[in-house]
Amino acid sequence: MSATHPNAVPPFRSRIGRDARSGFPAVPHRYRLHLTPSCPSSLRIAVTHSLLGLQDVLPVTLLPAVPDAPDGGYVALRPLYEASAHLHPGPAQAPVLSDDWTGRIVSTHAPDIVQDLALRFGAATGPDLHPRGAGTRIEEAGRLCDRGINAAAQRAGRAGAGVVAREDALATLLRGLGSLERRLASSDHLLGDHLTAADVQVWVTLVQLDTVHRWHLDAEAVYRITDHPRLWSYARRLAAHPAFAAHLDLDGIALRHHAHCRGSEAAGAAVRIVDWPPYVPDARADAGTGTGIGTGAGAGIDAVVKTTG
């Protein structure tokens, strides 16, 4: 199992501003997203982009599910990284928000990109994913996803970890899921009656838990994870929304996971929590092969970039 540390410092972290004085004003058709929906950070951005209806404002270029450069990055992104930081030392990874006018990277930090899409571009085109006064609660949901669920699930399934360490990690994971279950007892969405950025991140986290982390957990642990009926019903309900389903690349997630994972498969791999395939539109299969472009909520994506190392 492999994952980017939630507190890792992004190599590029500029922001889209309100006006020209920011250096990166919110100008339609100036910026471009480079995403691979097999990556949870990219999936979060792709869903946000579709929810906000930004297809005609900010184009998206899809990358292969599995990085194709020897260092774990993308060949297609290397020119952007080199133009933005001479002799950039690390891999050229997605997600990337780039500036087509300068040919340089604006940001690689998913939380900032999501917030800037909502606040700088999405006000007139889609739902209010960052309502006034909800910033702190959205950040809290993000920390819960990163530390209480993703990191805990990874520790709980880590090969070679002691029994006590795995049990402690599982307890942390179950507390995180329980917290979400309680929040959904009185409302349809995490922060109330309306969809927000917190729902997008929680949904992506649940997809990752079921399609990646589950492979390294024992069956008993997975059954305990499934014992949150409101939470998994909520995950299915969001999966039925076109803006979510259009980017659910199950084959890509599996390819990416098995290409990098060095952990051993556990009995929990056989206990699927959600039957995800019925939610995936046929257009997703075309986009995933590089032979076509999605026609639903994900329309407006330029192409699947095919590169060779």
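The model is predicted. The protein chain is built with 11 helices and five strands. Of its 309 residues, 50% count as buried. Among contacts with a separation of 6 or more, 74% are between residues 24 or more positions apart.

**Aromatic pairs**

- Two numbers describe a pair of aromatic rings: the distance of the centres and the angle of the planes.
- The structure contains five aromatic pairs.
- One of them joins Phe 12 and Tyr 81, which sit edge-to-face with 5.6 Å from centre to centre and 75° between the planes.
- This pair links distant parts of the chain, since Phe 12 belongs to the segment before strand E1 (31–35) and Tyr 81 to helix H2 (residues 78–84), 69 residues apart.
- Phe 12 and Tyr 81 are both buried.
- Another edge-to-face pair is formed by Trp 203 and Phe 244, with 5.0 Å centre to centre and 80° between the planes.
- Trp 203 lies in helix H6 (residues 197–211) and Phe 244 in helix H9 (residues 242–245), so this pair too links distant parts of the chain, 41 residues apart.
- Trp 203 has a relative accessible area of 0% and is therefore buried, the cut-off being under 20%.
- Phe 244 is also buried, again with a relative accessible area of 0%.
- Phe 24, Tyr 31 and Phe 121 are joined by ring pairs into a cluster.

**Helices H1 and H3**

- Helix H1 (residues 40–51) and helix H3 (residues 110–121) have axes that come within 10 Å and cross at roughly 0°.
- Because angles under 35 degrees count as roughly parallel, H1 and H3 are roughly parallel to each other.
- On the H1 side, the residues that meet H3 are Ser 41, Arg 44, Ile 45, Thr 48 and His 49.
- On the H3 side, they are Ala 110, Pro 111, Ile 113, Val 114 and Leu 117.
- Sorted by class, the contact of H1 with H3 has six nonpolar, three polar and one charged residues.

**Nonpolar cores**

- The largest nonpolar core has 72 residues, and those touching the most other members are Leu 33, Leu 117, Leu 173, Trp 203 and Ile 225.
- Helix H6 gives the most to this core, with nine residues.
- Leaving out residues up to four places away in sequence, Leu 117 touches Leu 33, Ile 45, Thr 48, His 49, Leu 52, Leu 54, Leu 58 and Gly 122.

**Two partly exposed residues**

- Ala 76 is found in the loop between strand E2 (60–62) and H2.
- With a relative accessible area of 33%, Ala 76 is partly exposed, because this value falls between the cut-offs of 20% and 50%.
- Ala 76 and Leu 63 are 13 residues apart in sequence, and 8.2 Å separates them in space, C-alpha to C-alpha.
- Val 27 is part of the segment before E1.
- Val 27 counts as partly exposed, at 25% relative accessibility.
- Although Val 27 and Phe 121 are 94 residues apart along the chain, their C-alpha atoms are separated by 8.5 Å.
- Apart from its neighbours within four places in sequence, Val 27 is in contact with Trp 101 and Phe 121.

Note on methods:
Residues numbered from 1 in each chain as written. Predicted model: local features only at pLDDT ≥ 70, side-chain atom pairs only at ≥ 80, totals over all residues. Heavy atoms only, no water. Phe/Tyr/Trp six-rings, centres within 6.5 Å; stacked < 30°, edge-to-face > 60°. Helix = DSSP H or I, 4+ residues; strand = E, 2+ residues; numbered from the N terminus. Buried < 20%, exposed > 50% of the residue type's maximum accessible area, 1.4 Å probe, protein only. Axes fitted to C-alpha atoms, helices over the stretch in contact; angles between N-to-C directions. Parallel < 35°, antiparallel > 145°, perpendicular 65-115°, else oblique. Contact = heavy atoms within 4.5 Å. Nonpolar A, V, L, I, M, F, W, Y, C, P; charged D, E, K, R; others polar. Core = buried A, V, L, I, M, F, W, Y, C linked by side-chain atoms within 4.5 Å.
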